[in-house]
Amino acid sequence: MVHDGDVVALEGFTHLIPFAAGHEVIRQRRRNLTLIRMTPDLIYDQLIGSGCASKLIFSWGGNPGVGSLHRLRDAVENNWPAPLAIEEHDHAGMATAYAAGAANLPFGLLRGYLGTDLPKYNQRIKFIECPFTGERLAAIPAIRPDVSIVHAQKADRRGNVLMWGVVGVQKEAILAARRAIVTVEEIVDRLDAPSNAVVLPSWVVGAVSEVKGGAFPSYAQGYYSRNNAFYKQWDNISREREGFQAWMQRHVTGTKDFEAFRQSLEQVASHA
Amino acid sequence: MPENGYTSDEMMTISAARMLRNGTVCFVGIGLPSAAANLARLTHAPDVVLIYESGPIGTKPAVLPLSIGDGELAETADTIVPLGEIFSYWLTGGRIDIGFLGGAQIDRFANLNTTVIGDYRKPTVRLPGAGGAPEIATSAKEVLITLRQTKRAFVEKVDFVTSAGYLDGGDARKRMGFPGQGPTAVITDLGILTPDPATKELRLTSIHPGVAVEQVIASTGWPLKVAPQLAVTEAPSAPELGMLRELNQRTARAHAGQA
C-alpha cells in the first residue's frame, strides 16, 4: 500500500510508534518518499539512513532525552545517503495541519509561530488577519498524506481499532489520509470500548494487521513500556554510516519480518 | 563535587525548582526543566499542575521521563488529551501560568535557539528543532528557562530564533502582541539572570554560593551586566538535595537494563 514517491505519515507521539510497519517499508526498498512525522524518532532515522526518503516534513527531529538523530543529521548536513529536503514546522502547527486534513479544510489556523524564525525559511507558514478581531494568526496548509500508518492496542475482528494513552495525532493522521494502515498489538473478539474512547471505525481503515510488539522500542500502554535503554543504544548504532548499515543489514533488511527482527536482537543480547 | 557537598548541576536544578510556585499550572519541557518541575512538586509545591506536550495533564511521575511522552507520564496523569487539544485548548488557549524551557543557545534578550548552529540552509550543527517551544514561549503567562551557562550557549545573538524571548529588547515583545509576558528568569549552574525591566537585557541578579562574578562574565558571550544588588542564591538544603538525589537514582535505575 506504500508506493515509491508517496507522501507517507507514520504517526505516534513517543507512544505506539509503528516501527514494524516502518521496517517493512525499508525491506521493500521504497524510494523517493515524502515522510511526514512530528517527531521523526528512530524509525525515520532508519528510513532516511536507508535511502527511502527525499523529503521530510517534521517539527522536532531528535532522539528524545538522548541527543541527535545521526542519520537525519547526516542527510541534512552531508546529503548522505541522498539529499533530503526539509519542511520544518513546530508541534502546534503540525497538529493543526493534521486536524485541517482530517476536516478536509485547505488550511489550519492557530495562534502560533509568533516571533520565531521558522516562517522565514518555510514559505508554507503564512499569516492572516482574523476577519472579526484583526488578530494576526498563523495559517498552515492541511496535511493530506497518500498513506498514513499508525499502531494501536487493539482491533476487533471487523477491523474497528481502539487506542488509549498518549494518542497524539493518530486519529487525525488516519482521517487526513487517502489510504490508512493500522497495526495492532492484538485482534480480539470484542473491543468493549467506553463510548468516548479513541476508536477508528473499520470503514475509515484500509487494512489492519496484528503485530505483537510492533511499536518496539517505543511502547504500547498496557502491553509493554518504552525501551529507554535501546533509545540510548541507538546513539552508538547510528553514529557512523558503516555501523548503521551493518546493523540494518543484520537486523532489518536481513530478517523477514518484525518477529525475526526481535529474535535477531535477542541473539545479540544473549551473547553479550 | 565541591567541598560544600553539592554539584553545580544540583544547585541549578534546585534553584530552578524553587522558582515554581505551589498551585501554578506549568507546561514542562523535557530535560533540565522536567527535573526542576518534578523536584518542585516533590518538595515545596505539591499542588503544582504539570503538563507535558504529549498530552498528560496533572502528571505525577515517580521517575523522570527520558522522552516527552514516556508511559510514566501517561499512567500518573489526571487526564491525557490529544496533541491538537494540548496546543489549542490548553496552551494557546491561555491556560498555562508558567512555561518551563531549556535550549541549546540563548541570547542577551532571552531568545532561544534549538534549531541550527550556523546558517539554516548550510548548518554547522543541525539541532532537533522547535517542538512545542515557540507557542510555550509566547502563550504561557510567564516563562522560566534553565540551561548550563557557557560562552557557546550564551551568545550575543542566537543564530536562529526558535522561541521568542524579548526579540530585540525593550518593548519589542509587547509591540508584537504576544499573549504572555515572556521569560522572567534564566536559571543556570552559575547563577540566576533576569531581564532588566526597561531594556529586557538579561543581567546577573543572583549568584550561586562559591561562584565568582568573573566566572559568570567569562561564561557569557556578551558583556554581562551585574545587578547593583547582587544576591547570593541560598545553598541547597539537605531535604532538597536528598529528594533530588533520590529522584535521579530512581530515574537511572528505571532507564537502565531493559534492552
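# Close-up views of a two-chain model

**View 1. Helix 2 of chain B and its surroundings.** The buried residues of helix 2 of chain B pack against helix 1 (8-18), strand 1 (25-28), strand 2 (49-52), strand 5 (98-101), strand 10 (142-146) and helix 8 (238-255) of that chain. This is a predicted model, in which local features need pLDDT of at least 70 and side-chain atom pairs count only at pLDDT 80 or more, while totals for chains, interfaces and linings use all residues. Residues are numbered from 1 along each chain as its sequence is written, and chains are lettered from A and ligands numbered from 1 in the order in which they are written. Helix 2 spans residues 32-42 of chain B, and 10 of its 11 residues are buried, so the helix is largely enclosed by the rest of the structure. The buried residues include Leu32(B), Pro33(B), Asn38(B) and Arg41(B). A residue is buried if 20 or more other C-beta atoms lie within 10 Å of its own, exposed if 12 or fewer do, and partly exposed in between, with C-beta atoms placed from the backbone. Helices (H or I, at least four residues) and strands (E, at least two) are DSSP runs, numbered from the N terminus.

**View 2. Helix 2 of chain A.** Nine of the nine residues of this helix (residues 41-49) are buried, so helix 2 of chain A is largely enclosed by the rest of the structure. Among them are Asp41(A), Asp45(A) and Gln46(A), along with Leu42(A), Ile43(A) and Ile48(A). Just after the helix, Gly51(A) takes a positive phi of about 80°.

**View 3. An open sheet in chain A.** Three strands, in the order 7-9-8, form the sheet, and their pairing is antiparallel. Strand 7 (107-110) and strand 8 (126-129) of chain A are at the edges with a single partner strand each, so one side of each has no neighbour in the sheet. From one strand to the next, the twist averages 40°. Strand 8 and strand 9 (residues 136-141) of chain A pair over four bridges in the antiparallel sense; two strands count as paired if DSSP finds at least two bridges between them. In strand 9, Leu137(A) is the bridge partner of Ile128(A). Helix 4 of chain A packs on the sheet, touching strand 7 and strand 9, and its direction makes about 135° with that of strand 7. Axes are lines fitted to C-alpha atoms, for helices over the stretch in contact, and angles run from 0 to 180 degrees between N-to-C directions.

**View 4. The largest nonpolar core.** The core has 154 residues, of which Tyr98(A), Val161(A), Val182(A) and Cys26(B) touch the most other members. Helix 4 (residues 91-102) of chain A gives the largest share, eight residues. A nonpolar core is a set of buried Ala, Val, Leu, Ile, Met, Phe, Trp, Tyr and Cys residues joined through C-beta atoms within 7 Å. Not counting residues up to four places away in sequence, Cys26(B) touches nearby chain members including Leu20(B), Ala37(B), Leu50(B), Asp97(B) and Phe100(B). Two residues are in contact if their C-beta atoms, placed from the backbone, lie within 7 Å.

**View 5. Where chain A touches chain B.** The contact takes 45 residues from chain A and 43 residues from chain B. On the side of chain A, the elements that give two or more residues are helix 3 (70-78), helix 4, helix 5 (118-121) and helix 7 (228-237). The residues of that side divide into 19 nonpolar, 18 polar and eight charged. Here Ala, Val, Leu, Ile, Met, Phe, Trp, Tyr, Cys and Pro count as nonpolar, Asp, Glu, Lys and Arg as charged, and the others, Gly among them, as polar.

**View 6. Ile68(B) in its loop.** Ile68(B) is found between strand 3 (56-57) and helix 3 (71-75) of chain B. Ile68(B) is buried, with 26 other C-beta atoms within 10 Å. Not counting residues up to four places away in sequence, Ile68(B) touches Thr14(A) and Pro64(A) as well as Ile30(B), Tyr52(B), Glu53(B) and Ser54(B). The C-alpha atoms of Ile68(B) and Leu112(B), 44 residues apart along the chain, are separated by 19 Å.

**View 7. The two chains for reference.** Chain A has nine helices and 14 strands, and chain B has eight helices and 15 strands. Of the 272 residues of chain A, 51% count as buried; for the 259 residues of chain B the share is 55%. The C-alpha atoms fill a box of roughly 65 × 50 × 30 Å in chain A, taken along the principal axes, and one of roughly 45 × 45 × 35 Å in chain B.
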